[in-house]
Amino acid sequence: MNVHVAPLFPASSESGPAVVVSNLVRSYGRRVVIERLNLRIERGEFVALLGESGCGKTTLLRALAGLDTIQGGRIVAPRRPAVVFQEHRLLPWDNLWRNVSLGLQASNARERAAEALTEVGLGDRLDDWPRNLSGGQAQRVALARALVQQPELLLLDEPFAALDALTRIRMHELVRELVANHQPGVLLVTHDVDEAIALADRILVIRNGAIAFEHRAARDGSTSISRAELLGELGVTSHSPN
Ligand SMILES: Nc1ncnc2c1ncn2[C@@H]1O[C@H](COP(=O)(O)OP(=O)(O)OP(=O)(O)O)[C@@H](O)[C@H]1O
């Protein structure tokens, strides 16, 4: 069974779901990893997904991306999601604008790649090569490659995990800005509770194949969940004051 991309809601709509998942089942042989999972992400909504190692976060993300078959349930998305992985996955033999516009069937591909690269702060590097980029810059290009598709759903699989702390903070600012400007629904898989608290409108924890905990940030952008509370949900006892 594959992801069902159905035109149930118009792709150009300003609001409405970026994806609706019902009763999703994903197993490897007899091992059920995702068990009747339900999830809805609105356009413009930033959702962070946490859970202990091996709980099925990447499995869920890959199913949403249409990269894997599923054994049950439905995934309805208005358009094909864009994905950014922990590794940039840029093609070393293509320059940056070609990497970004890969898969774009448009006569103005270079122009659109230029716009996307400018948005991530690399507008002067169109003809440069992946090998000349730092880790943070390469992830910026990966973000540009995702955004140029104008996705309704942006899937981020630990995209900042391999970056140093300062670069990670800069990337958080950039992603927040890009999401505010383009309003895709976002699902961010992360191990970093601080990252989840800093970025997400909604934080989910997966346990035993389903969503076991959900926290919505307050509308004014503040959050009522503490680091310790969230770590507690992940089964970690924290001794830090907050
Ligand atoms: N191709 C596969 N074949 C068999 N089992 C798999 C396969 N991919 C993942 N699994 C199993 O499915 C479970 C969930 O894996 P998944 O990678 O989704 O976890 P995760 O929550 O993303 O983990 P981590 O946080 O360590 O990245 C694990 O037990 C894993 O061993």
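In which sense do strand β1 (residues 17-28) and strand β2 (residues 31-42) pair, and over how many bridges? In this predicted model, the two strands pair in the antiparallel sense, and eight bridges join them. The legends below begin with this pair.

**Figure 1. The hairpin of β1 and β2.** Two residues lie between the strands of this hairpin. Gly29 adopts a positive phi near 60 degrees there. Ser27 has Val32 of β2 as its bridge partner.

**Figure 2. The open sheet that contains β1 and β2.** Three strands make up this sheet, in the order β2-β1-β4, and their pairing is antiparallel. The edges are held by β2 and β4 (72-76); each has a single partner strand, so one side of each is left without a neighbour in the sheet. On average, neighbouring strands are turned by 15 degrees against each other, direction ignored. Four bridges connect β1 and β4 in the antiparallel sense. In general, the strands of a sheet pair through backbone hydrogen bonds, either parallel or antiparallel.

**Figure 3. The protein as a whole.** Seven helices and nine strands form the secondary structure of the protein. Taken along the principal axes, the C-alpha atoms fill a box of roughly 45 × 45 × 35 Å. A compact globule of 242 residues would have a radius of gyration near 18 Å, and the value for the protein, 18 Å, agrees with this. Buried residues account for 39% of the 242 residues. Among contacts between residues at least 6 apart in sequence, 71% join residues at least 24 apart.

Figure 4. The domain assignment divides the protein into domain 1 (1-81 + 152-242) and domain 2 (91-150). Their C-alpha centres are 25 Å apart. Ten residues from domain 1 and eight residues from domain 2 take part in the contact. On the side of domain 1 that touches domain 2, α5 supplies the largest share, with six residues.

**Figure 5. The largest nonpolar core.** This core has 64 residues, of which Val47, Leu117, Leu155 and Leu188 touch the most other members. Helix α4 (residues 135-147) gives the most to the core, namely seven residues. In soluble globular proteins, nonpolar side chains tend to be buried together.

**Figure 6. The surroundings of Leu155.** Leaving aside residues up to four places away in sequence, Leu155 touches Leu61, Leu64, Ala65, Pro81, Ala82, Val83 and Leu187. Leu155 is also one of the core residues that touch the most other members.

**Figure 7. Arg89 in its loop.** Arg89 is located in the loop between β5 (82-84) and α2 (96-101). Although Arg89 is not a glycine, its phi is positive, at about 55 degrees. Most residues other than glycine have a negative phi. Because Arg89 has 13 C-beta neighbours inside 10 Å, it counts as partly exposed.

**Figure 8. Gln183 in its loop.** The loop between α5 (165-182) and β7 (185-189) holds Gln183. Gln183 is not a glycine, yet it has a positive phi of about 60 degrees. With 16 other C-beta atoms within 10 Å, Gln183 is partly exposed.

Conventions
Residues numbered from 1 in each chain as written. Predicted model: local features only at pLDDT ≥ 70, side-chain atom pairs only at ≥ 80, totals over all residues. Core = buried A, V, L, I, M, F, W, Y, C linked by C-beta atoms within 7 Å. Buried ≥ 20, exposed ≤ 12 C-beta atoms within 10 Å, placed from the backbone. Contact = placed C-beta atoms within 7 Å. Pairing = 2+ DSSP bridges. Axes fitted to C-alpha atoms, helices over the stretch in contact; angles between N-to-C directions. Rg over C-alpha atoms; globule rule 2.2 N^0.38 Å. Domains from an automatic or database assignment.
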